[in-house]
Amino acid sequence: MVSARIPLVAGNWKMNFDHLEAVYFVQKLAWLLRDAHFDFRKCEVALMPAFTALRSVQVLVEADKLKIHYGAQAVSVTSQGAFTGDVSADMIARLGCRYVIVGHSERRKYHPEDDANIVDQVRAVLAAGMQPILCVGESFEERRQGIELEFAVGQVRDVTRDLSDEEAGKLVIAYEPVWAIGTGMVATGQSAQDAAHAIRMSLRTTFGRNVCDSVRILYGGSVTSRNAVELITEPDVDGFLIGGAALDVNELSTIARLTVKTTSDAAK
Ligand code: PEP
């Protein structure tokens, strides 16, 4: 990646870590990055805990003035009322969250989240002043048919079609091929680049150059410290959404450090 976009390394903890484990993890991550003289101006680091841990993470981040960001993994499309178990965007924003993951393949699979619902989630997150991390990506079947790029681009178009340029500029897009999530099968650098580039070009067609140049496109799917360098070297890959490897604090801090090193070396 050689661009003005600041990379983002985001850990999606899914349904792991209670609030005490989350606090321990954040403290250790902060120590590791501080010891490594990590430059947060060159790479953002964000964590997506379960709802039950958000308040504890907020208190720690604010008390210790940590530069680590955090966000939620899901959001309700409604703002309040009789929706048992749901959490609104305003409630999440009140906890200091910067990001909300929207449209993760596990949410699409296990919950009734279709494209129309995902559009509403994106709108709710933006209206509450946060940034959606919009997940798109093909299944193994679409890849087998050779339509993976059209599929991912189509998902982005379907969700963003009614957004203003200003709203679209606040998106983060995570290209996450479903066959790569949690499987140990990772996309090659070239195939992550092809998808990220196709998505970027589609943003350019719909919204113009500023949005195209500024939106960060992450890769997600079995990222580890062993494959991160190959992926982040690609010019349209601006960071990672990480599941399994984000549960290991040493691994996450290594990926963040490799991201800074690789993108800084490429900029020289
Ligand atoms: C994810 O859940 O967004 C993800 C990419 O998971 P993993 O890194 O475990 O493949």
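Modeller: A residue is called buried when its relative accessible area is under 20%, exposed when over 50%, and partly exposed in between, using a 1.4 Å probe and the protein chains only. This is a predicted model, in which local features need pLDDT of at least 70 and side-chain atom pairs count only at 80 or more, while totals for chains, interfaces and linings use all residues. Residues are numbered from 1 along each chain as its sequence is written, and side-chain values use heavy atoms, leaving out hydrogens and water.

Colleague: Why is Asp238 called buried?

Modeller: Asp238 has a relative accessible area of 0%, and Arg5, at 11%, therefore counts as buried too under the limit of 20%.

Colleague: What makes the pair of Arg5 and Asp238 a salt bridge?

Modeller: The term asks for a side-chain nitrogen of Lys or Arg within 4 Å of a carboxyl oxygen of Asp or Glu, and the closest N and O atoms of Arg5 and Asp238 are 2.9 Å apart, so the pair qualifies. Arg5 and Asp238 also belong to a network of salt bridges with Arg200 and Asp236, and the structure holds 16 salt bridges.

Colleague: How do you know whether Glu166 and Lys170, which also meet in a salt bridge, are buried or exposed?

Modeller: Their N to O distance is 3.5 Å, but accessibility is judged separately: Glu166, at 59%, counts as exposed, whereas Lys170, at 36%, is partly exposed.

Colleague: What are Asp158 and Arg161 called by accessibility?

Modeller: Asp158, at 33%, is partly exposed, while Arg161, at 54%, is exposed; these two form a salt bridge with closest N and O atoms 3.4 Å apart.
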